[in-house]
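This report describes a predicted model with the sequence and the structure side by side. It begins with the place where two chains meet and then turns to each chain.

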Amino acid sequence: MKAPPFRYHRPSSIAEAVELLATLDNARAIAGGQSLMPMMNLRLVAPDHLIDLGEIEELVGVTESEDTLSIGAMTTQRTLERSERVARDCPLITAAIRHVGHQQTRNRGTIGGSLCHLDPGAELPVAAAALDAVLIAIGRSGERRIPFAEFSVGLLSNALSPDELLARIELPKAAPRTGTAFVEFNRRPADFAVVSVAASLTLDAKGRVAHAAIAVGGSFEAPVRLRAFESAGVGQRPEAALFDLAAREAEAIKCVGDDVYPTEYRQELAGVLVRRALDSALADVESHADA
Amino acid sequence: MPMHDPRPIALRVNGQCVEATIDARINLADFLRHELRLTGTHVGCEHGVCGACTVLVDGASARSCLMLAVQANGRHVETVESLANGSDLHPLQQALAHHHGLQCGYCTPGVLMTLLELSRETAGRHVTEAEVRTALSGNLCRCTGYQGMVRAALEFLNNFA
């Protein structure tokens with residue numbers, strides 16, 4: 001089908017976009033359009049006003065400070081996929097993006113669009129959850145910093161006010177002795193995840209866990225962090241018995257299955273993938289240590 | 001049908017300058033097909049899954065059903081019509097024909113544009129089968145089983161591009 005009629009707006013600044021969002025009824029911002037366009041074509045959404053963020057240059061690009069990367073919300077997934085700076089300072093994002101859609105969609109799809117859409121099967125929200133990303137929203141009353149943990153407020157729903165747009169995403173640079181991994185299962189490569197896991201593991205000088213962050217996504221309304229494992233793991237040796245704790249926590253996350261992937265299947269899969277992600281993150285730390 | 005929000009646009013399509021006034025809701029695929037009569041670009045699923053409508057926008061592959069024609073304003077769009085020179089097929093098209101890389105042909109325009117992007121990105125170096133299969137994972141083909149398509153792509157990419 002075709003998209004229903006709407007009025008099209010193409011602001012050239014954040015301020016102009018915010019003003020449109022604040023004053024127009026039933027308006028939607030469109031980023032890369034790789035989720036919103038299908039939803040409009042399928043008539044699942046019918047905005048009266050479409051506000052295209054594609055011409056706002058201040059929303060594009062990657063900048064860095066001493067310990068964070070700041071990524072403009074309209075930076076395309078393809079740009080991030082090819083960014084050496086992102087691969088070096090935030091390798092979990094690079095690993096996650098390899099699973100995001102196809103090149104034809106990554107060329108237009110943006111990091112901000114994916115985070116705002118919050119599709120349960122999407123990869124970038126899971127990586128953002130594991131990295132404790134901070135989302136910077138801009139509205140009429142100014143800037144607001146939203147920790148990713150507070151960004152999801154229900155299925156496909158984010159914490160932005162109607163007059164706010166996501167301007168950029170701040171991600172911490174990976175600490176020394178950190179290993180990361182992104183694993184997922186789906187029936188066809190590049191499809192939405194049935195279950196996906198983003199893992200970041202930092203060891204101290206004695207080889208014990210200094211910091212662990214695991215986010216599980218795919219089968220849940222929003223990514224879920226394994227908080228019990230993350231706090232229990234600090235100071236422990238990174239070994240199979242410890243990783244089992246994480247797997248058991250993942251298997252206990254409530255989810256709703258279907259005929260293809262029943263609940264029990266998804267939960268067992270979550271446990272399996274958490275173990276794989278931790279093994280792989282640990283191998284990643286060790287590979288840096290050799291270098 | 002009446003236009004709800006007519007928008008003037010100016011872009012290049014296969015090297016030619018084009019100006020038109022179109023309704024904002026019209027997607028790029030329909031603009032190419034209905035307004036410019038470039039019917040080589042095929043429309044399959046209309047929600048970004050099948051890849052039949054893949055075109056290049058400023059050199060980067062995109063689903064033309066997931067892009068509004070107004071968003072192509074000021075850009076250069078390349079479609080499958082840019083490949084052949086009259087009845088002389090592009091070497092990539094010849095390779096697909098030679099290796100039975102198509103049957104019904106519905107997905108072929110999208111496949112060709114995906115492979116054209118890959119050939120530009122990998123020009124001058126060896127391309128692996130895995131790279132070809134990854135690139136083609138965004139183009140659904142229900143006839144060929146992909147074997148001939150992959151053989152054709154590898155022959156073209158590693159000999160001509």
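The contact between the chains takes 24 residues from chain A and 23 residues from chain B; two residues are in contact if their C-beta atoms, placed from the backbone, lie within 7 Å. On the side of chain A that touches chain B, the elements giving two or more residues are strand S1 (7-9), helix H2 (36-41) and helix H6 (103-106) of chain A. Helices (H or I, at least four residues) and strands (E, at least two) are DSSP runs, numbered from the N terminus. The residues of this side of chain A comprise eleven nonpolar, nine polar and four charged. Here Ala, Val, Leu, Ile, Met, Phe, Trp, Tyr, Cys and Pro count as nonpolar, Asp, Glu, Lys and Arg as charged, and the others, Gly among them, as polar.

The model is predicted: local features need pLDDT of at least 70, side-chain atom pairs count only at pLDDT 80 or more, and totals for chains, interfaces and linings use all residues. Residues are numbered from 1 along each chain as its sequence is written, while chains are lettered from A and ligands numbered from 1 in the order in which they are written.

Chain A contains eleven helices and twelve strands. Its C-alpha trace spans about 60 × 50 × 35 Å along the principal axes. Buried residues make up 49% of the 291 residues in chain A; a residue is buried if 20 or more other C-beta atoms lie within 10 Å of its own, exposed if 12 or fewer, and partly exposed in between, with C-beta atoms placed from the backbone.

Two strand pairings of chain A share strand S5 (residues 68-72). Two strands pair if DSSP finds at least two bridges between them.

| Strand pair | Sense | Bridges |
|---|---|---|
| S4(A) (residues 62-64) and S5(A) (residues 68-72) | antiparallel | three bridges |
| S5(A) and S8(A) (residues 165-172) | antiparallel | five bridges |

S4(A) and S5(A) form a hairpin, with three residues between them. Within S5(A), Ile71(A) is the bridge partner of Val62(A), and in S8(A) the bridge partner of Ile71(A) is Ile169(A).

In chain B, which residues of helix H2 (residues 91-98) are buried? They are Leu92(B), Gln93(B), Ala95(B) and Leu96(B). Seen down the axis of H2(B), these buried residues fall within an arc of 160°, so they line one face of the helix; the arc is that of the directions from the helix axis to the C-beta atoms. Their cover includes helix H3 (108-121) and helix H5 (147-159) of chain B. Just after H2(B), His100(B) takes a positive phi of about 55°.
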